[in-house]
Amino acid sequence: MDNLMNLQQIIDQLNLNVLTDPRDFALIQPDGGYSSDLLSCVMAGAKSNYLWITLQAHLNIVAVAALLDVAAIIITENAQPDFATISKANEQGIILLLTPKPTYEINGKLWEMDIRNQG
Amino acid sequence: MCPTRTPTRQETHGRQGRSITDHDANEINRVEELSYDLKINEVMTAHMHITSPEMPLSKVLEILRINRISGVPVMTDNQLVGILSLEDIVRAMEKNELSAPVSQYMTKKIITVAGHDSIVKAIQTFTDSKLGRLPVIDENNKLVGMITKGDITRGILTALQKDYKEEEVRRYRASHLFEDIISDRTTLVLRYNIKAHDFTRGGNASSHIKRALLRLGANPQIARRCGIAVYEAEMNLIIHTTNGGILKLEVESHRITMSTTDDGPGIADIAQVLQPGYSTATEQVREMGFGAGMGLVNIKRCVEKMEIESTIGKGTKLVMRIHVPTENFNGRKDG
C-alpha cells in the first residue's frame, strides 16, 4: 500500500515548525510512525523511513534517528531542542519538526491521514 | 568569492531524498572547488578556426556552419584584431552584405581572459560582458584558444567524472578488502574510547561503525542490526561505567564481533539485568529517555550471540556476534 501523504503535506496539515535546513519534503513519503520517549524502545520499534514522535529534544535523539534512518522526528509540546541538537541534525541529514500539540493528538491526526504502519 | 555563481541544484531544490551521504556532500562542494581549481587553458578549445579581416563574411559563415561553431577570432600577422560571431553575420545578412569583409562587421572591442586563470574568472567575465565566447591569451598576450560556457560545463563534468571514478575505485577496494588480502584469517579491528557520562557524543561511535560496515559492503540490514546493538552497548558505557570503556568492532569475512570492556563498577546479578524493564539508571538519565531497561534486550534481538562477564569492582565485558552471509564483504566462507 502506498501512503498518499508526503512529508510536505504532513507538515502543512499538522502545521509543523521545521527546525532543520529546508529541503524538498514532498519527495519524502514516510512508511509509518512510532511514538515513544524511551530511546531503547524507539531502537526496537521504529523502522527506517518512519516518523518518530517524541517529547525528547536533546542531542541523543539525533544519533538514534540516524542509526534508524527515520524519515523525520516530530518533537511535541514545544520541547525546543538546543542549537547543538539542531546543527547535529543538519550535519547528519535528520529532519526535526516541532509542534505545540501533545504526542497523542499528533498520533491521532497522522493515523487519520492514513500514515499507518504496514506489516 | 564568486558573486556570479549560479545556485547549485541542492540550493535550488533542497536535498533530494532523505539523507545526504558524505559522498554527496563532497560532490556538492566539489563543483565550486573545481571552478577555482580548473584553469581556463585546461578546458578551452585550443584548436581554433581563425579568419582574417579581409575574408568575405559568406566564407566565414561556411566555416562556422561546417564546424558548428558560433564565432571565430580574427587575426592579422599573428595578432588578434577582433572577434566575428554569428550575431555579426546576422547583422550583415539583414543588410544583405554577406560579401562584405570581416573587418566591417567584426567586434573590435576584445575582452580576453588569461589561460592560467581559474575558470571562475571566465564565468565572471561571461556574466559581466554578456559575451558567449572569449579569446584566451598566454603570458605573452598571444592567442592560445577560445573558451565558451559549453567548454566550462564540459570541463567540470569531466573532472567530476574523474572524481567519481576514483571514489568508485576506493569503494571497490574497501568492499573487496577480504577478497584481496590473503591470509589464514583477516580481521579488521576498529577501536573507540568511550568516556563515561559523555552524552553529547553518545552514539557517535555507533554511527561510525554503521558507516564503516556499509563501506565494507555489508548489507544494510546487517549494518542496521550492528548499529542498534552497538548503540545500546555504547550508551551503557556512557551511562553506567565509572571510567568509560573501550568499544571494539572486529570484522571478518564471515562474522562481525562487537565488544565493550570497562573497569567498573561491574554487574552484581547478570540474570537480573537481562530482565526487560530492569534498569539501574538514575532519574536524571531516565528523563533523557535512557534507562528503559531494554538495552540488553535490544542487543539480544539484534545479534546471534551475546555474552556478558562481570565482576563487581573489576568491570564488565560484553561480546556480541553476528554471522555474515557470504555475499557480504564478498568474502569466502572460511573453512
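**View 1. Strands β2 and β3 of chain A run side by side in parallel****.** Strand β2 of chain A and strand β3 (residues 50–54) of chain A are joined by 4 bridges and run parallel, where strands (E, at least two residues) and helices (H or I, at least four residues) are DSSP runs numbered from the N terminus. Within this pairing, A:Gly32 is found opposite A:Tyr50 of β3(A). Helix α5 (residues 103–112) of chain A packs on the sheet and touches β2, β3 and β4 (72–75) of chain A, its direction making about 155° with that of β3(A); contact here requires that the C-beta atoms of two residues, placed from the backbone, lie within 7 Å. Angles run from 0 to 180 degrees between N-to-C directions, with axes taken as lines fitted to C-alpha atoms, for helices over the stretch in contact. The model shown in these views is predicted, so that local features need pLDDT of at least 70 and side-chain atom pairs count only at pLDDT 80 or more, whereas totals for chains, interfaces and linings use all residues. Residues are numbered from 1 along each chain as its sequence is written, while chains are lettered from A and ligands numbered from 1 in the order in which they are written.

**View 2. The sheet of chain A is open and holds 5 strands****.** The strands follow the order β1-β5-β4-β3-β2 (chain A), with mixed pairing, and two strands are taken to pair if DSSP finds at least two bridges between them. At the edges are β1 (17–18) and β2 (32–35) of chain A, each of which pairs on one side only. Strand β3(A) is largely enclosed by the rest of the structure, because 5 of its 5 residues are buried, a term that calls for 20 or more other C-beta atoms within 10 Å of a residue's own, with exposed meaning 12 or fewer and partly exposed in between, C-beta atoms being placed from the backbone. From this strand, A:Tyr50, A:Trp52 and A:Thr54 point one way, while A:Leu51 and A:Ile53 point the other way.

**View 3. Helix α3 of chain A packs with helix α10 of chain B****.** The axes of α3 (residues 60–68) of chain A and α10 (residues 204–215) of chain B are 10 Å apart, and the two helices pack at an angle of about 15°. That angle makes α3(A) roughly parallel to α10(B), the description used for angles under 35 degrees. Residues A:Ala63, A:Ala66 and A:Leu67 of α3(A) make the contact with B:Asn204, B:Ser206, B:Ser207 and B:Lys210 of α10(B). By class, the residues of this contact comprise 3 nonpolar, 3 polar and 1 charged, where Ala, Val, Leu, Ile, Met, Phe, Trp, Tyr, Cys and Pro count as nonpolar, Asp, Glu, Lys and Arg as charged, and the others, Gly among them, as polar.

**View 4. The open sheet of chain B has antiparallel pairing****.** Its 5 strands are arranged in the order β6-β7-β8-β10-β9 (chain B). Strands β6 and β9 of chain B stand at the edges with a single partner strand each, so one side of each is left without a neighbour in the sheet. The twist averages 10° from one strand to the next. Strands β7 (residues 245–251) and β8 (residues 255–262) of chain B pair over 7 bridges in the antiparallel sense, and B:Val251 stands opposite B:Ile256 in β8(B). Helix α11(B) packs on the sheet, where it touches β6, β7, β8 and β10 of chain B, and its direction makes about 5° with that of β8(B). Helix α10(B) lies across β6 and β7 of chain B and runs at about 165° to β6(B).

**View 5. B:Leu188 belongs to strand β6 of chain B****.** This strand spans residues 188–194, and B:Leu188 counts as partly exposed because it has 17 C-beta neighbours inside 10 Å. Leaving aside residues up to four places away in sequence, B:Leu188 touches B:Leu177 and B:Val251. The C-alpha atoms of B:Leu188 and B:Leu177 are separated by 9.3 Å, the two residues being 11 residues apart along the chain.

Note on methods
Parallel < 35°, antiparallel > 145°, perpendicular 65-115°, else oblique.
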